[in-house]
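Here is a set of questions and answers for a reader meeting this structure for the first time. Each answer sets a value beside the definition that gives the value its name.

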Amino acid sequence: MFNKLQGNARGCMLYEPMFLLPYSLYLTYASVYMLELGVSETQIGLLTSLGLMLQIFTSLISGYLTDRMGRKKALMIFDFVSWSTATLLWAVSQNIWFFLAAAIFNSFQKVPNTAWYCLLVEDTKPDERPHIFNVLQLINIICGLFAPLGGLLVSHYGLVPANRIMYLIAFVSMTLMFIGRNYATHETEMGIRKSQEQGPFQPRIILSDYWQVVKMVFANTPLLLLFGIYILYQFQLNMRNTYLSIHLVKALNFSEAFIAWFPAVTSVSMLLLILYVVPRIKPVHVNRYMVMGFLLSAAAMVLQIVAPVEGTFWIVGSTILFAVGTIITYPYLEASVANVIQDEERAKVFSILSVMILIFVSPSGVIGGWSYAINPRLPFVLIVISFVASALLMCWFMRKQATIAAAESNTGF
């Protein structure tokens with residue numbers, strides 16, 4: 001699969017494990033680590049929402065900075081700011097104020113996110129993009145297999161020292177990755193042209209350009225539906241990443257070291273699926289598979305809701321179901337979004353999409369903290385609702401696409 005990648009896509013994927021592997025180590029324990037250092041569940045939700053609200057601003061400027069500086073330069077500089085600095089702060093955190101500072105620095109991730117996205121897809125053909133995101137998913141899966149190493153560190157050193165080690169590993173690995181990837185990639189043709197065309201920072205003109213993009217998005221129903229699905233996907237992802245580990249440890253009484261095995265179960269399941277199931281998915285039926293994937297993910301969260309204390313069988317079943325749902329939705333959703341955005345406006349449209357996501361997703365931390373305080377299972381009920389809504393929107397999207405295709409066919413006739 002990797003041999004089929006060319007150019008920037010190959011350079012980006014070559015170094016991606018240096019980011020995803022340490023990220024998969026500490027992600028499982030991020031929320032529990034905060035709890036151990038005296039941050040409450042509600043404060044965790046507030047920090048999550050604050051970080052997301054700050055990302056609204058960085059998303060607004062990400063399109064301009066990506067065009068002005070060029071994809072490579074924006075990616076390099078703001079990756080150092082948002083990830084190298086944040087992981088170092090997390091490693092030495094003592095209280096909520098350290099986590100607040102880390103959230104501020106980490107909020108600038110939207111700039112490299114936009115730049116990386118442009119660098120990854122701009123010099124590739126639309127029909128090659130699903131393959132790129134499948135490879136990205138495969139790398140993510142393989143890195144997830146190493147998640148139990150985090151559990152071993154926790155069982156040997158204790159939760160807080162082990163997390164400090166994991167964050168320091170992330171700092172070193174990610175920083176080296178940013179440098180190596182910079183040498184392995186080249187500026188895209190669109191990036192060169194945009195950096196030459198982009199004038200000085202003029203907020204009024206930039207906001208006017210963005211307003212034109214917003215009107216274009218809302219005038220295109222299929223595009224708006226696809227963005228709605230993407231927003232719901234990010235909402236559930238943020239909710240799940242924040243409260244899953246807390247739920248497993250505090251509500252279901254799993255040991256902190258043991259929960260690292262669940263991401264490994266996810267990775268093994270996804271690896272088998274990507275090797276034996278994904279190659280059999282026909283492109284013409286991708287949207288139907290995505291509907292099925294959303295419903296399977298909803299079913300996985302239902303198992304999470306009804307799981308008894310220390311119900312290992314229930315959580316493993318939920319984990320496998322969720323892996324199946326994710327593997328037949330995420331890569332194709334990302335590729336669909338990439339294909340509906342024109343290269344000429346990619347940085348602006350993607351930054352507007354990021355803003356739309358954050359406007360709707362930023363309350364998820366507060367909503368999650370509030371709902372968790374009422375009942376630990378309530379955040380997962382909200383995740384089920386988001387998946388069902390995604391399936392319904394995808395059905396609507398398919399009907400719209402069929403109507404457009406029929407109209408074009410009749411016109412041609």
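Helices (H or I, at least four residues) and strands (E, at least two) are DSSP runs, numbered from the N terminus. The model is predicted, so local features need pLDDT of at least 70 and side-chain atom pairs count only at pLDDT 80 or more, while totals for chains, interfaces and linings use all residues. Residues are numbered from 1 along each chain as its sequence is written, and side-chain values use heavy atoms, with hydrogens and water left out.

Q: Where is Gln109 placed, and why is Gln109 called buried?
A: Gln109 is in the loop between helix H6 (96–106) and helix H7 (110–121). Buried means under 20% relative accessible area, against over 50% for exposed and in between for partly exposed (1.4 Å probe, protein chains only); Gln109 has 18%, and is therefore called buried.

Q: Which residues does Gln109 touch, not counting residues up to four places away in sequence?
A: Contact means heavy atoms within 4.5 Å, and on that basis Gln109 touches Gln55, Ser82 and Trp83.

Q: What makes a space a pocket, and which residues line the second largest pocket?
A: On a 1 Å grid over the protein atoms alone, a pocket is an open set of points with protein on both sides within 12 Å along at least five of seven lines, whereas a cavity is a set where a 1.4 Å probe fits but cannot get out; lining residues have an atom within 4 Å of a point. The lining of the second largest pocket includes Val214, Phe218, Ile231, Met356 and Phe360, and its largest share, five residues, comes from H13.

Q: How large is the second largest pocket?
A: Its volume, meaning the space filled by probe spheres set on grid points joined across faces, edges and corners, is about 190 Å³.

Q: What is the span of H13, and where does H13 bend?
A: The expected span of a helix is 1.5 Å times one less than its number of residues; H13 has 31 residues and reaches 42 Å from its first C-alpha to its last, close to the 45 Å expected. A bend is the angle between axes fitted to the seven residues ending at a residue and the seven starting there, and H13 bends by about 40 degrees at Tyr243.

Q: How many residues of H13 are buried?
A: H13 is mostly covered, with 22 of its 31 residues buried.
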